[in-house]
Amino acid sequence: MLGVDGQMRWLSARAARWGVLEGWLKRAERSDSLDVREATELNEELAALTEDAQLARALAPRTRFSESLDALALRGHRLSERPLKRRGDAVKTFLAVEVPDALKSIHGALWVSLAIFLSATVLSFALVRANPELAQLFASEEMIAGVERGELWTEGLLNVMPSSILAFEIMTNNIMVTLVAFALGVFYGVGTFYILATNGVMLGTISALCVVHGVGFKLLEFVLAHGVTELSVIVLAAACGLAVGDALTHPGDQTRTAAFRDAFRRTGKLVLMGALFLVLSGIVEGYISPNESASMLLRGIASLSLFTLFLLVLSGRAFPPSWRGLSGEI
Amino acid sequence: MSERASEQTLTVTTAQGLTVEIELAQLGARSFAFVLDWHIRVLLALGWFLLGMLVIGGTEKLRDIFNADIDWEMVGYWVMLPSAAIYLFYHPLLEVLMHGSTPGKRMAGVRVVGLNGEPAGVAAILIRNVLRIVDSAPAFYAIGLICCALNRHHVRIGDLAAGTLLAYDRRVDKDAFNLTQASPASALSLKQRALLLELLERWPELSDAVRIHAAATLLAKLGEPTVGAGAALLKSRLEAYVRG
């Protein structure tokens, strides 16, 4: 067995290899795949590096030297153990398999979310229709005064700011509501419930107020193009939040933390897709909805097209069946 | 690759038998990194805002920002939008681009890693950033701080959901591979360090006279005066060298 001096000499002789290996790892990390020769070479180098790292740790624990060797060895091991993926295939698998699977997994939560939203909307609509003064609880005085004059708060929006800025503001606001509805699922789903119910109540209140003051059709005209998809995304995000809450309350065989993590990762994919559709519906809301020259037919077509695309994408039917067979791994 | 996290460390064992301990960052390092990042992003956003307003219309335009007759198209596109984007996307974007790090985290010497010690992936980074909504509530990251204080891995809710940890960054330091150089951290060469470790390991077996002689010789080589020092004092000085 080598003494300390011998071991140091051995490490000194090996030092040049580590620099070479570091450069080689950098190149390998950037490329998607390694051929057989490269993979074999990497494994051989890593086996030697692992021994060097262990020796360095024994000779000089917790030094920059041993920690750098550990870091280099760990980097190499990660590279050799990572499943090699083609980036394009991973995206296809995400769209055609992971998102539709996530949607199926929250089937129950989706219905619950829809039921909460619709119940809150219908109930508040009925209450405000019967007692219009209740609208003060959920709508600003300015908005109520405008509706009482027969005007929607949306009228003249285009005169105040350009469509692009309006669309951006709207989509930012909607994405925030969606993210909040999803994120508040961490409070065992209760936070999501409140956000969903509040949004339902606001929709019901404003709709009833508009109907009472004879501007119901105007409101329908405004929301038709973007509203269906926008509200669907909010219901979807809330369903994801409820699924997270459900994972926390009923973790099953997993630990609560593991169940929470799984639920968040799975449903987060749906929220991401939902956010992309909020960008599209924000564009429609900024450009088409406040535009008085847009006919009801155009608004209806925009609404139907957007919602159909939303359903096709989420169910994975928008993508070729061949994408479903890809694992993403080589 | 298997992993096991204790309160202070994450132990990663690779399939090829390499076991590495990664030290987990605690509340202090986490808060320090956040405070640094917060200042950087506020300064960047504010810097862009002021610069944009000055470029567009000078100081007059800067005063007009509070008036209704503002050119929304121009200001919105070129000033407010990028400023808001800098502030909002600073963390997620930089964490993705810098493999779990940000300028503040780099200065604090920490990095976001997955439960297996790898730099966190894009999905995990997005999740931990979405949950800032919860962690930052109601103000000053109160929920996140409480969660970190109560959690044995010192992570906030976003990290729990994303399966991430904040660990001290261990980078490959090429200079450290130069074995002829002394280690700046401890001013000891690796050979001296190995001798020192050996002496401390054998310390219980040695007589006081041998201890004092060996320790004094070694410390003298390191430029440390040791006249009249007892064995216990010498040992503590040797241990201080080991700790760096």
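Start by selecting His77(A) and Thr50(A): their side chains are joined by a polar contact of 2.8 Å. As you look around, keep in mind that this is a predicted model. His77(A) belongs to helix α3 of chain A, which covers residues 64-81. Is His77(A) buried or exposed? With a relative accessible area of 0%, His77(A) is buried.

Next, centre the view on Ile106(A). Setting aside neighbours within four places in sequence, you will find Ile106(A) in contact with Leu236(A), Ala239(A), Cys240(A), Ala243(A), Arg266(A), Thr267(A) and Leu270(A).

Time for some rings. The whole structure has 7 aromatic pairs over all chains. One of them is Phe260(A) with Phe264(A), an edge-to-face pair at 5.7 Å centre to centre, with 75° between the planes. These two residues are 4 apart in helix α11 of chain A (residues 256-287), so about one helical turn separates Phe260(A) from Phe264(A). Both are buried.

Over to chain B, which is divided into domain 1 (20-169) and domain 2 (190-243). Colour the two separately: the C-alpha centres of domain 1 and domain 2 of chain B lie 47 Å apart. Then pick Arg41(B) and Tyr87(B), where the arginine lies over the face of the tyrosine, at 4.2 Å from the ring centre.

The last stops are about the backbone. Which residues does a cis peptide bond join? They are Ala137(B) and Pro138(B), with omega at about -15°. Pro138(B) sits in the loop between α5 (132-135) and α6 (142-150) of chain B. Tyr141(B) is in the loop between α5 and α6 of chain B too, and has a positive phi of about 55° although it is not a glycine. At 16% relative accessibility, Tyr141(B) counts as buried.

Finish at His99(B), in the loop between α2 (72-97) and α3 (103-108) of chain B. Phi of His99(B) is near 55°, a positive value in a residue other than glycine. His99(B) counts as exposed, at 51% relative accessibility.

Note on methods
Residues are numbered from 1 along each chain as its sequence is written. Chains are lettered from A and ligands numbered from 1 in the order in which they are written. This is a predicted model: local features need pLDDT of at least 70, side-chain atom pairs count only at pLDDT 80 or more; totals for chains, interfaces and linings use all residues. Side-chain values use heavy atoms; hydrogens and water are left out. Buried means under 20% relative accessible area, exposed over 50%, partly exposed in between (1.4 Å probe, protein chains only). A polar contact is a pair of N or O atoms within 3.5 Å; within protein, one must be able to donate a hydrogen and the other to accept it, and residues adjacent in sequence count only if both atoms are side-chain atoms. Contact means heavy atoms within 4.5 Å. Rings of Phe, Tyr and Trp (its six-membered ring) pair if their centres lie within 6.5 Å; planes under 30 degrees apart count as stacked, over 60 as edge-to-face and the rest as tilted. A charge sits over a ring if NZ of Lys or CZ of Arg is within 6 Å of the ring centre and within 35 degrees of the ring normal. Domain bounds come from an automatic or database domain assignment.
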